[in-house]
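The stops below are given in the order in which to select them.

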Amino acid sequence: MSLPRRRFLHLTASAAALPLVSRIAGAQAYPTRPVRIIVGFASGGTQDIIARLMGQRLSERFGQPFVVENRPGGGGNVGAEAVVRAPPDGYTLLLVGSPNMINATLYEKLNFNFIRDIAPVASIDRAPLVMEVNPAFSARSVPEFIAYAKANPGKINMASAGTGTGLHVAGELFKMMAGVDMTHVPYRSAGPALTDLIGGQVQGMFDALPASIEHVRAGRLRALAVTTATRLEALPNIPTVGDFVPGYEASGVNGVGAPKNTPAQIVDRLNKEINAALAEPKMKARLSDLGLTVLTGSPADFRKLIAQETEKWAQVVKFSGAKPD
């Protein structure tokens, strides 16, 4: 039996529209099953802690589990690629961090383009660093540190969590802007670097504030400055590096991303709920306890920030000549 032409075209158009209708309906009902948040580093680190805090709040707000899955390797590239290759349905998210933005230049060949292949969903926080030295080191301020470094080029050993990490490039940015030379000593992670700094095997380090703050408060380390644009509530008496090196700012950025082409309705819903969670007093207090500053905004705001940070660290990576370990 043949169909009239008009009826045939109507059925054809309806069939073509079904996938779009299905995607819209799925986005409106989202989520109907557990959501994965991929973290590109091992458990226990700052990104892992942030992902678990946010995952718990999103689980409560959405009524579905948001489960953290650690995929360490390649300085965060293994986790990022897992999300890039995942279906763009909102059920696989990435805990985005500064390493993703640094890696865009640090690695000459990646199987993906981070800015192109990850859709920004929402920012979460800025993670300040602290410029610190062993208490036995003679410099008690950033100007004294700079003067010593210029008088003794290459004789300050600067520890980091590894070549190309946020801690490393923060130090390289300081070298570039202050016009000093320090010897970079990369470790496999921040923990051993911090241990050697406390023990006096190295003289200085730019470290994540959450990891160092108790050592600073106990006098095991001397904080010379924080790396944010303004002073921090957690260390109110410590100046900023920018007070002495105008324009200097270095802090980690964390947020949530999704595979490109994830429906806008899902991205917008996630953004709304993440911002709502960040506005809760308990969440704010918890992040503040970790030395983190809440950073809210739209997906477009996060996209702009990612682009700015990627460009900034590209210049530093090129200046330093850093190559992945």
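**Stop 1: a surface patch**

Select M176, M177 and F319, which make a nonpolar surface patch of about 250 Å². Patches are made of residues with over 30% relative accessible area and no salt bridge, with nonpolar side chains (Val, Leu, Ile, Met, Phe, Trp, Tyr) joined within 5 Å and like charges within 9 Å. A salt bridge is a side-chain nitrogen of Lys or Arg within 4 Å of a carboxyl oxygen of Asp or Glu. Areas come from the Shrake-Rupley method with a 1.4 Å probe, and for residues only the protein chains shown count as cover.

This is a predicted model, in which local features need pLDDT of at least 70 and side-chain atom pairs count only at pLDDT 80 or more, while totals for chains, interfaces and linings use all residues. Residues are numbered from 1 along each chain as its sequence is written, and side-chain values use heavy atoms, with hydrogens and water left out.

M177 lies in helix α7 (residues 166–178); helices (H or I, at least four residues) and strands (E, at least two) are DSSP runs numbered from the N terminus. M177 counts as partly exposed because its relative accessibility is 34%, where buried means under 20%, exposed over 50% and partly exposed in between.

**Stop 2: aromatic pairs**

Which residue forms an aromatic pair with F174? The partner is Y248, edge-to-face, at 6.3 Å centre to centre and 80° between the planes. Rings of Phe, Tyr and Trp (its six-membered ring) pair if their centres lie within 6.5 Å; planes under 30 degrees apart count as stacked, over 60 as edge-to-face and the rest as tilted. Y248 sits in the loop between β8 and β9, 74 residues from F174, and is buried at 2%.

**Stop 3: T228**

In the loop between β8 (222–226) and β9 (251–259), select T228, which is buried at 8% relative accessible area. Its side chain reaches the backbone oxygen of T230 at 2.8 Å. Not counting residues up to four places away in sequence, T228 touches P128, T240, E249, A250 and S251, contact being heavy atoms within 4.5 Å.

**Stop 4: helix α9**

Finish at α9 (residues 209–218), where L209, S212, I213, H215 and V216 are the buried residues. Their cover includes β4 (118–133), α8 (190–199), β7 (204–208) and β8. After α9 comes G219, with a positive phi near 85°.

Notes: Buried < 20%, exposed > 50% of the residue type's maximum accessible area, 1.4 Å probe, protein only. Polar contact = N/O pair within 3.5 Å; in protein donor to acceptor, adjacent residues only side chain to side chain.
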